[in-house]
Amino acid sequence: MNIAMLQDLTSGSYKATSALLTKRVDLQCDRMPFRFENVPLRKILNWILVEASIYVRPERPWGWPTHLQIEPDSRCNLRCVICPVTTGMERPTGSMSLEMFKNLIDQVGDYVFLILLWDWGEPLMNPSIFDMISYARERGIKVACSTNAQLLAQDNRAEMLIRSGLDALIIAMDGITQDTYHRYRRSGSLESLLEGVQRIVAKKRELRSERPLLNLRFLLMGHNEHEVPHLDDLARSLGVDMLSLKTLNPYGLGKDLLPQSPDYRRFKYASDGGTPLRRRRNPCKNLWNTPAIHWDGTVAPCTFDYDEQYVLGNLRADPFAAIWHGAEYRRLRRQFRSDWERIEICNRCSFAYKGGSCIDEIITEAHYFNLPRP
């Protein structure tokens, strides 16, 4: 066991003891803080078991997922340059039904802390998105969502998001002029985005709501890195709660999009400047704590399996428990533990490279302004 793992275990033991004594759990996702109060004992114990199991990586899980990545809709109203939805995702598109969402929450809701209510596609295209958020919140589950914000100013979506109880909203804004913004977010309007941000900020103030945490997200690329010095002032003027700078995963396609500054690049590179350095140990936790559920009920290992190369089951055919403990999941966990590089999606995933950990590295900067109370 290396020093980093020992430090993680020590920190984990302290957090576990504190949670048991206070019934409070503090988690962070994408540098966004989430606090859970008066957490039921079985939920805390499950969280402790899951976190402990990640160091052992057992074939049979020790607990139930603590996080869910749920895809409300795989369709999108933009054509972002290197997004699989644009480049040709090899699976059907559609919207998750509210019935399927509720059924999943009914099965695992007693253990889940946080739902990431996005995957591939624009979540706000699902007409049931507000009811989904409300249903999860009624079960004590916090919900974070990510949007391109093109629909945020339409109808009364901003108010409905606030009233749904949404905990955090990531707003993808990758340029401060239409020219810069459009180079990646094709078909998108910066004016529409800014109108949506202004609408939800104004509604939060009008309703005196502390939620959702509004996280203005800037994806760092070569054509927009010169705008970074202006972002803090822009974010403050818009009245959002947080600004986060995210590094780009080029997916092997967008090398021309990479920033010049090494501080803004996701991966660490060899001396040739072009070869990303590989990790020896992949730090990914997804096979033990965060399944990805696609709009049609397909259960995938994680968000990087956008083409469903490793289907683990489908909620239309089997209950979640049968899938989570099933042969396909066990086989994949076993292979990940013994030789993760032989799993194609793991071999080319961001986690495979130094600097690419989605847990603690890809958000290179985070600025906090008016964080709501937990």
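This briefing covers how three helices, α4, α5 and α6, pack in a predicted model.

The model is predicted: local features need pLDDT of at least 70, side-chain atom pairs count only at pLDDT 80 or more, and totals for chains, interfaces and linings use all residues. Residues are numbered from 1 along each chain as its sequence is written, and side-chain values use heavy atoms, with hydrogens and water left out. Helices (H or I, at least four residues) and strands (E, at least two) are DSSP runs, numbered from the N terminus.

**α4 with α5**
- Helix α4 spans residues 98-108, and helix α5 spans residues 129-138.
- Their axes, lines fitted to C-alpha atoms over the stretch in contact, lie 10 Å apart at an angle of about 15°.
- α4 and α5 are therefore roughly parallel to each other (angles under 35 degrees).
- In contact (heavy atoms within 4.5 Å), Leu98, Phe101, Lys102, Ile105 and Asp106 of α4 meet Asp131, Met132, Tyr135 and Ala136 of α5.

**Buried side of α4**
- Met100, Phe101, Leu104, Ile105 and Val108 are the buried residues of α4 (under 20% relative accessible area, 1.4 Å probe, protein chains only).
- They cover an arc of only 130° around the axis, which puts them on the same side of α4; the arc is that of the directions from the helix axis to the C-beta atoms.
- These buried residues pack against β3 (67-70), β4 (114-116), α5, β9 (292-293) and α11 (320-324).

**α5 with α6**
- The axes of α5 and helix α6 (residues 157-164) come within 8 Å and cross at roughly 15°.
- That makes α5 roughly parallel to α6.
- Phe130, Ile133, Ser134 and Arg137 of α5 meet Arg157, Met160, Leu161 and Ser164 of α6.

Notes: Axes are lines fitted to C-alpha atoms, for helices over the stretch in contact, and angles run from 0 to 180 degrees between N-to-C directions. Angles under 35 degrees count as roughly parallel, over 145 as roughly antiparallel, 65 to 115 as roughly perpendicular and the rest as oblique. Buried means under 20% relative accessible area, exposed over 50%, partly exposed in between (1.4 Å probe, protein chains only).
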